[in-house]
Amino acid sequence: MSNSIKIMVKLFAAYQEAYNVPELTLEFPENTSVLQVREYLIAEHPELEKWRDVTRFGVNLNFVEPDTLLHDGDEVVLIPPVSGG
């Protein structure tokens, strides 16, 4: 893939349950947003659809907006609501 970036996606709660691993290394075209990463994960695991509108995003340990563009080597987290106490 030319002009691509490689990112690490840390998975939590429902996302980790769907993939059965704590993290993924994925490759995307340049100018990919965190929102597009979420859409990719939901396309692979449609059972995650119910978390689409309540997932927060983080990049490199900072909360970010869905339209935040990613760079090569970024660490992305998708954080659905978590229950428990």
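Analyst: Two strands are taken to pair if DSSP finds at least two bridges between them. In this predicted model, strand 3 (residues 56–59) and strand 5 run antiparallel and are joined by four bridges.

User: Which strand runs parallel to strand 5?

Analyst: Strand 1 (residues 4–11) runs parallel to strand 5 (residues 75–79), and four bridges join them. Leu78 illustrates both pairings: Leu11 stands opposite Leu78, and Phe57 also stands opposite Leu78.

User: How many residues does the largest nonpolar core have, and which have the most contacts inside it?

Analyst: A nonpolar core is a set of buried nonpolar residues such as Val, Leu and Ile, joined through side-chain atoms within 4.5 Å. The largest one here has 22 residues, and those with the most contacts inside it are Ile7, Val9, Leu41, Leu70 and Val76. Strand 1, helix 1, strand 2, helix 2, strand 3 and strand 5 each give two or more residues to this core. Beyond its neighbours within four places in sequence, Ile7 is in contact with several residues, including Leu24, Leu26, Phe28, Val37, Leu70 and Val76.

User: How does one classify an aromatic pair?

Analyst: The angle between the ring planes decides: over 60 degrees, a pair counts as edge-to-face. A search of the whole structure finds one aromatic pair. The ring centres of Phe28 and Tyr40 are 5.3 Å apart and their planes stand at 85 degrees, so the pair is edge-to-face. Phe28 belongs to strand 2 (residues 23–29) and Tyr40 to helix 2 (residues 34–44), so the pair ties together parts that are 12 residues apart in sequence.

User: Is Phe28 buried or exposed, and how does Tyr40 count?

Analyst: Phe28 is buried, with a relative accessible area of 8%, whereas Tyr40 counts as partly exposed at 33% relative accessibility.

User: Which residue lies over the face of Phe63?

Analyst: Arg56 lies over that face, at 3.9 Å from the ring centre of Phe63.

Technical notes:
Residues numbered from 1 in each chain as written. Predicted model: local features only at pLDDT ≥ 70, side-chain atom pairs only at ≥ 80, totals over all residues. Heavy atoms only, no water. Phe/Tyr/Trp six-rings, centres within 6.5 Å; stacked < 30°, edge-to-face > 60°. Buried < 20%, exposed > 50% of the residue type's maximum accessible area, 1.4 Å probe, protein only. Lys NZ or Arg CZ within 6 Å of the ring centre and 35° of its normal. Contact = heavy atoms within 4.5 Å.
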